[in-house]
Amino acid sequence: MRFDPLTAVTRFGGGPSPLHALPTTASDMLDEAREDPFAGAHPFTTTDDFVASEALLAELRSARRNSRGTAEREANDEAFAEARRAAQARANDDLKRSFLRQAGLAYGLRERLVAFWSDHFAAGGRGGAADRLAALTLTSDAIRPHVMGSFTEMLRAVVRHPVMLRYLDQVRSMGPNSRVGRRRDNAGLNENLARELLELHTLGVGAPYDQRDVRELAELLTGLTVERGEGFIFREDFVEPGAEEVLGQTYGGRGKPGGLVPIDAVLDDLARHPATADHIARKLAVHFVSDTPDPALVAHVAARFRETGGDLAEVAAALLEHPGAWDLTRRNVKWPALYIASSLRALGLGAAEVSALDPRRVHQLIRRPLEGMGQPWTEPPDPAGFEEADPSWITPQAVAARINWAMRSPARLTDALPDPREMLRLVAGDRAPGELTFAVGAAEDRKVGVGLVLASPTFQRV
Amino acid sequence: MMDRRKFLTSAVLGCSAAASPLVTPLTLASAPWEGRLVVIILRGALDGLDAVRPLGDPGYLALREGLLETGAEDHGLDGFFALHPGLAPLVPLWQAGELSVAHATSTPYRDKRSHFDGQAILEAGAWARGGDIPVDGWLNRLLQIAPGVEARTAFSVGRERMHLLAGAGPHATWLPKTELALSAQAQQLLELVYHEDPLFRDAARQAGEIIADVDAAPMMEEEDEAAMGSMMDGMAGGPGLGRFTGEVARFVVEQLGLETRIAAFSLGGWDTHSGQNAALNRGLGQLATTILTLKAGLGPIWGKTAVLVMTEFGRTARVNGNRGTDHGTGGAMLMAGGALKGGQAFGGWPGLDESDLYAGRDLMPTRDIRAYAGHIMRAMFGVSSGDLERVIFPGLDLGEDPGLLL
């Protein structure tokens with residue numbers, strides 16, 4: 001194990017910052033990651049908030065429609081528009097809260113893990129603006145509490161979350177022989193959630209499951225649904241009667257407990273399946289280290305996952321302790337969100353500075369650039385999440401967006417641009433390539449020098 | 001084609017291209033085909049019954065009296081169909097054989113009438129009830145099977161990712177007016193910094209080239225611009241082209257003159273639940289200008305070009321209580337371009353009696369919209385029927401060739 005402070009904070013944290021000393025051991029980073037010190041002062045929108053807000057919007061929309069041609073119409077229009085603005089503002093605030101944490105933490109491993117797991121359980125990219133707001137609550141309530149906890153707990157929380165249930169069409173799924181299914185002509189099973197659970201969330205696509213397992217799992221999951229104003233509910237009358245067999249194990253059936261019990265049981269078993277450990281370990285290595293990670297690293301992390309029953313703090317430790325994680329010849333390109341967050345840190349912005357950004361600047365300096373770089377906030381392209389491969393992120397359009405951000409945004413974010421040579425030393429230590437050192441020194445002014453540092457492959461790779 | 005590159009004096013570069021390290025001479029890649037295809041996706045479900053009005057159907061006036069402006073001039077096409085006033089500037093194209101319409105057409109999508117799903121299905125090019133929508137787009141699947149396709153053969157233009165072109169097939173995405181915020185000196189330093197990292201070096205070089213192409217040559221000579229100006233003055237709905245759409249059209253014209261053979265972009269604002277007249281006057285006016293801008297800019301290349309204008313579904317036959325229409329099923333598709341055997345209206349007309357309508361409310365589709373796109377690609381690019389029905393548009397029955405192109 002070759003813990004290197006600069007690589008540690010770059011590859012596994014938010015990147016170096018003049019406001020914080022570098023970590024000295026992996027434990028420094030792991031210990032910091034166990035808690036969210038900003039939870040009290042900057043709480044995120046909760047799922048319940050969102051559910052209530054959505055119900056309110058639906059009510060106001062109806063009131064508006066029903067009052068067409070009457071005196072109340074204008075007042076209702078205004079109430080609806082106001083409620084929608086408030087919901088939008090809440091979502092924008094959540095974006096700021098996320099970046100505030102990324103900028104404000106000493107090392108930032110926790111936020112990196114939050115980003116990884118939110119992408120692993122990607123949801124919310126489909127549908128309109130309402131769904132995008134909702135996606136934030138999946139991260140806040142189902143992911144964040146468990147990033148250094150239990151994978152099984154995270155899985156259970158995700159599968160109960162209204163955003164995931166809608167995104168993967170579980171709300172349209174009912175057992176053909178369920179009480180409701182029998183009465184309706186076009187009611188049926190929807191297999192999306194079952195399939196993605198197996199293919200994306202747990203076992204992975206190469207694992208030994210087949211279409212029959214998908215179907216049986218889909219039958220087992222019936223009952224999970226969402227009701228407006230309530231959020232997640234379980235509907236007994238959607239449940240497909242009978243036992244189901246998934247990967248050779250039987251769940252539910254006559255005489256056995258029903259409801260969520262067999263569902264939680266299958267989730268447990270999927271979480272513990274050896275293939276899941278392999279799948280997750282590989283994803284972690286690819287995400288944090290390199291598109292082609294050292295197989296020994298992957299094996300090491302998978303073993304820890306299996307041995308600890310998916311203890312994610314232990315799994316993170318395994319990732320950090322293996323030599324394969326420290327190979328400097330393989331370096332991923334940063335995702336846009338990490339690129340921007342690590343830039344904020346390198347520029348010396350902390351929680352207070354990010355908190356002070358008004359909505360317009362958050363939009364112009366963070367949200368819009370993220371879109372331009374190909375990573376619209378909370379809009380993954382599909383349930384598999386964002387691409388990992390470097391060439392997906394460095395296309396002509398995207399690199400132009402990154403270069404422009406590097407050249408224009410720092411001066412809009414801070415009055416006190418750092419000395420570019422010091423900034424280079426901060427982010428690259430003594431490893432800056434000769435041509436980068438030369439270029440930064442030759443820059444005509446601070447703005448260009450800082451821009452060259454941020455636009456450099458040295459900074460854009462972990 | 002190479003000539004334009006010799007005279008690059010782009011303000012962005014601040015120096016002549018020959019000396020700029022960020023622009024290296026492109027080898028002239030041979031493009032896979034000569035024909036150009038432009039696909040314009042209208043997001044929000046254009047009301048086909050208003051854009052292309054079946055005045056020849058006796059039931060139309062009764063259904064649409066809430067919308068039709070009395071005393072307005074008819075822009076008749078063939079004695080049955082007429083164009084919406086916003087599209088009036090395209091009548092000369094119909095007369096010149098460079099405009100066709102396909103009516104009562106849609107994707108296989110039925111019943112849910114969701115914009116989001118409808119657009120996904122339109123761009124994915126496949127759907128079966130209860131089945132999955134492909135994650136790649138049909139245009140990308142064309143690129144996957146066509147030989148000789150390179151990154152700039154196809155462009156998706158605009159800010160958002162287009163499903164239509166998403167997928168493994170090589171293509172490029174560009175946002176017009178993207179510039180590199182670099183002085184000449186900064187640019188040279190950056191090129192030095194990127195030199196050892198091929199991924200960054202090549203992407204930045206291509207960005208520089210694309211930007212240089214856009215800035216290099218003016219789109220049209222001054223007298224053409226004046227002619228365009230007087231064409232635009234006569235249109236309802238305000239000044240001709242939104243700035244952004246104008247930039248998109250310019251960029252498309254520019255690239256189609258180089259190696260690009262396919263371009264796609266989208267226009268929004270078609271979801272006319274209320275105030276349909278004002279919205280379509282504006283929107284269709286802008287669409288007409290966009291098409292005419294392409295024609296004017298492409299010059300002789302227009303003769304090898306087909307533009308397809310598609311939308312996710314049509315709208316209700318009846319007008320609603322807000323002088324608008326709601327989501328429907330069958331709609332209209334426009335085709336424009338010098339490659340067309342134009343002046344034709346395609347699609348069996350199903351009628352507008354209550355019993356003729358789909359679910360008693362929507363225009364009944366009589367042909368799969370993908371068949372039109374398929375026949376265009378077959379004629380223009382030589383794609384086989386088998387590939388069209390199995391790969392590009394899985395589940396499509398291509399059917400008889402309607403004779404869309406010259």
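Predicted model: local features only at pLDDT ≥ 70, side-chain atom pairs only at ≥ 80, totals over all residues.

Entry 1. I then looked up the volume, and the largest cavity holds about 660 Å³ of space. The lining is made up of 36 residues, and those closest to the centre of the cavity are A:V114, A:A115, A:S118, A:A337 and A:W377.

Entry 2. Which elements give two or more residues to this lining? I found α4 (73-104), α5 (109-120), α6 (129-143) and α16 (336-346), which belong to chain A. The largest share is that of α5(A), with six residues.

Entry 3. I asked how many cavities of 30 Å³ or more the whole structure has. The search returned nine.

Entry 4. I went on to the second largest cavity, and its volume is about 70 Å³. I listed its lining as A:T45, A:F50, A:S53, A:A87, A:R90, A:A91, A:D94, A:L133, A:L136 and A:T137. In chain A, the elements that give two or more residues to this lining are α3 (47-66), α4 and α6. Here the largest share comes from α4(A), which gives four residues.

Entry 5. I sorted the lining of the second largest cavity in turn, and it divides into five nonpolar, three polar and two charged residues.

Entry 6. I put the two lists of elements side by side. I noted α4 and α6 of chain A in the list for the largest cavity, and I noted α4 and α6 again in the list for the second largest cavity.

Definitions and conventions: Residues numbered from 1 in each chain as written. Chains lettered and ligands numbered in written order. Heavy atoms only, no water. 1 Å grid on protein atoms, 1.4 Å probe; cavity = no way out; pocket = protein on both sides within 12 Å on 5 of 7 lines; lining within 4 Å. Points joined across faces, edges and corners; volume = space filled by probe spheres on them. Nonpolar A, V, L, I, M, F, W, Y, C, P; charged D, E, K, R; others polar.
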